[in-house]
Amino acid sequence: MQYVIIFLMRLTGLGFLMTAILLTVFPIVNLFASSFIGTYLTPMVALVFCFGLFVNNYSLYKKSVVNTPWHASLIASGLILFGLLLSIISNIVY
């Protein structure tokens, strides 16, 4: 039970951190490079959140007998990374 509570605290902290970055940093950056935010920075924040979710889910899975959805968060991280790489390649080619 202690591992589950610690996991929830870490996950909540990660969510608050990502929300704070989105609400404080991105409006300032949007003034100077609006297309850069939509193309690269927003998916990067989503990637950091999903990867952090994977790390926390996997550590909870290893430390306790709780069956966590770490596979799904790893797949989501991979899909976000794949989409981000496609955006980078498409901007280089075109």
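Ile88 sits in helix α3, where helices are DSSP runs of H or I at least four residues long, strands are E runs of at least two, and both are numbered from the N terminus. Is Ile88 buried or exposed, or partly exposed? With a relative accessibility of 30%, Ile88 counts as partly exposed; buried means under 20% relative accessible area, exposed means over 50%, and partly exposed is what falls in between, using a 1.4 Å probe and protein chains only.

Before going on, keep in mind that this is a predicted model, so local features need pLDDT of at least 70, side-chain atom pairs count only at pLDDT 80 or more, and totals for chains, interfaces and linings use all residues. Residues are numbered from 1 along each chain as its sequence is written, and side-chain values use heavy atoms, with hydrogens and water left out.

How confident is the predictor? On pLDDT, its confidence in each residue from 0 to 100, the protein chain has a mean of 85, and 100% of its residues reach 70 or more. Helix α3 (residues 70-93) has the highest confidence, at 90, while helix α1 (residues 2-32) has the lowest, at a mean of 83.

Back to helix α3, then. Ile88 and Ile92 both belong to a nonpolar surface patch, together with Leu81, Leu85, Ile89, Val93 and Tyr94, and the patch has about 770 Å² of accessible area.

Now for the inside. The largest nonpolar core has six residues: Leu14, Met18, Phe26, Ile37, Leu41 and Val45. A core here is a set of buried Ala, Val, Leu, Ile, Met, Phe, Trp, Tyr and Cys residues joined through side-chain atoms within 4.5 Å. Helices α1 and α2 are the elements that give two or more residues to this core. Leaving aside residues up to four places away in sequence, Leu41 touches Phe26, Val29 and Phe36, a contact being heavy atoms within 4.5 Å. Phe26 and Ile92 are 66 residues apart in sequence and 23 Å apart in space, C-alpha to C-alpha.

Helix α2 (residues 34-63) also holds Asn57, which is buried, with a relative accessible area of 4%. What does Asn57 touch? Beyond residues up to four places away in sequence, Asn57 touches Phe7, Thr68, Pro69, Trp70 and Ser73.

Ser34 lies in helix α2 as well, and it counts as partly exposed at 48% relative accessibility. From Ser34 to Ser64 is 30 residues in sequence and 44 Å in space, C-alpha to C-alpha.

Conventions
pLDDT is the predictor's confidence in each residue, from 0 to 100. Patches are made of residues with over 30% relative accessible area and no salt bridge: like charges are joined within 9 Å, nonpolar side chains (Val, Leu, Ile, Met, Phe, Trp, Tyr) within 5 Å. Accessible areas come from the Shrake-Rupley method with a 1.4 Å probe; for residues, only the protein chains shown count as cover. A salt bridge is a side-chain nitrogen of Lys or Arg within 4 Å of a carboxyl oxygen of Asp or Glu.
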